[in-house]
Amino acid sequence: MSYDLMVFERTKAPTTKKEFMAWYEKQMEWEEEHDYQTISVSSPALQNWFMEMKEKFPPMNGEYAPKDDALDDDENLELHMVDYSIGYNVIYAAFSWPVADEAYELMRSLAQKHKVGFFDVSGDDGDIILPDGIMIK
């Protein structure tokens, strides 16, 4: 099992928890007509978020995945690798549990910086936080 978080395009997501959760479930059907490793399909704000996030938490797959020799040189790198699923309006990130706290803090702060929403998929309360800090309840 992984520790899962998601960022989303604020302008596309509903603003009530019930509607947001229905929208989220629809996003998780992964029915968009593209692969889910290519960042160029996402909004500019999500692209900017990803480009900064990948510096600390690189993707397991796709164009920005580290080369095998980088893994040999840095034991810590594998622990920080993330399984990203990139959609038009969401980026879903599956982290290893040992980096959960670090992932939450960085992902949330970068979401605010890049003006995208943040969803704690694995959290007990499932925080949904808009870029201005308002929590959807």
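Me: What is Trp49 in contact with in this predicted model, leaving aside its neighbours within four places in sequence?

Reply: The model is predicted. Beyond those neighbours, Trp49 is in contact with Val7, Tyr84, Ile91, Met107, Leu110, Ala111, His114 and Val116. The word "contact" applies because heavy atoms lie within 4.5 Å.

Me: What makes the set of residues that includes Trp49 a nonpolar core?

Reply: A set qualifies when its members are buried residues of the listed nonpolar kinds, joined through side-chain atoms within 4.5 Å. The largest such core has 26 residues, and Trp49, Tyr84, Ile91, Phe95 and Met107 have the most contacts inside it. Two or more residues come from each of β1 (3-8), α2 (44-56), β2 (83-86), β3 (90-95) and α5 (100-113). The most is given by α5, with six residues. A second, separate core of 13 residues includes Phe8, Tyr92, Ile128 and Ile136.

Me: Why is His80 called buried?

Reply: His80 has a relative accessible area of 6%. The limit for "buried" is under 20%, so His80 is buried. His80 lies in helix α4 (residues 75-80). Not counting residues up to four places away in sequence, His80 touches Lys56, Phe57, Pro58, Val99 and Glu102.

Methods: Residues numbered from 1 in each chain as written. Predicted model: local features only at pLDDT ≥ 70, side-chain atom pairs only at ≥ 80, totals over all residues. Heavy atoms only, no water. Helix = DSSP H or I, 4+ residues; strand = E, 2+ residues; numbered from the N terminus. Buried < 20%, exposed > 50% of the residue type's maximum accessible area, 1.4 Å probe, protein only.
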